[in-house]
Amino acid sequence: MLAKRFALFILKGRFNAYILAVLFSALPILSWVSPVIVGLVTLRKGATEGLVVLMWSALVGVVMGVNGNWMLAVTMVGFGSIPVWGLALLLKRTQNWSLVLQLIAVYAIAALTIVHFALPDLHQTWMKMIM
């Protein structure tokens, strides 16, 4: 019931979606909600509206990047909102869950490979971020 109200509130107007996407992007523990908002708007209102919400949610990542935290910015946008937007577009156009799930698997393998090549000592990188 709460999820339905939340979705209806987001879809009620552009401003609601923009503000909530930015707000949730800025909250570290709830940043996963921002790509959910991007996906919901893309599925219900189309590619252009979803892209605008994506841009607003990416604004927080750009600010983080300018402040020197590029890794977090790339993670939020590159591994969060952009793939969700693309997959939501694909699902809206094809209505083929099997294809979408296969692409998620391929994307996950590619993303993990890229991360491991970009950061050869991943364990040490995580330890630096935690400390």
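Predicted model: local features only at pLDDT ≥ 70, side-chain atom pairs only at ≥ 80, totals over all residues.
Contact here means heavy atoms within 4.5 Å. Residues are numbered from 1 along each chain as its sequence is written, and side-chain values use heavy atoms, with hydrogens and water left out.

**The core**
- A nonpolar core is a set of buried Ala, Val, Leu, Ile, Met, Phe, Trp, Tyr and Cys residues joined through side-chain atoms within 4.5 Å, and buried means under 20% relative accessible area (1.4 Å probe, protein chains only).
- The largest such core has 15 residues, and Ile-10, Ala-17, Ile-37, Val-41 and Val-53 have the most contacts inside it.
- At least two core residues come from each of α1 (2–12), α2 (14–26), α3 (33–45), α4 (47–66) and α5 (70–94); helices are DSSP runs (H or I, at least four residues), numbered from the N terminus.
- α2 gives the largest share of this core, five residues.

**Helix α3**
- Buried residues in α3 include Pro-35, Ile-37, Gly-39 and Val-41.
- The buried residues of α3 pack against α1, α2, α4 and α5.
- Just after α3 comes Gly-46, with a positive phi of about 110 degrees.

**Ser-57**
- You'll find Ser-57 in helix α4, buried at a relative accessible area of 2%.
- Apart from neighbours within four places in sequence, Ser-57 is in contact with Ala-21, Val-22, Ser-25, Ser-34, Val-38 and Ser-81.

Technical notes. Buried < 20%, exposed > 50% of the residue type's maximum accessible area, 1.4 Å probe, protein only.
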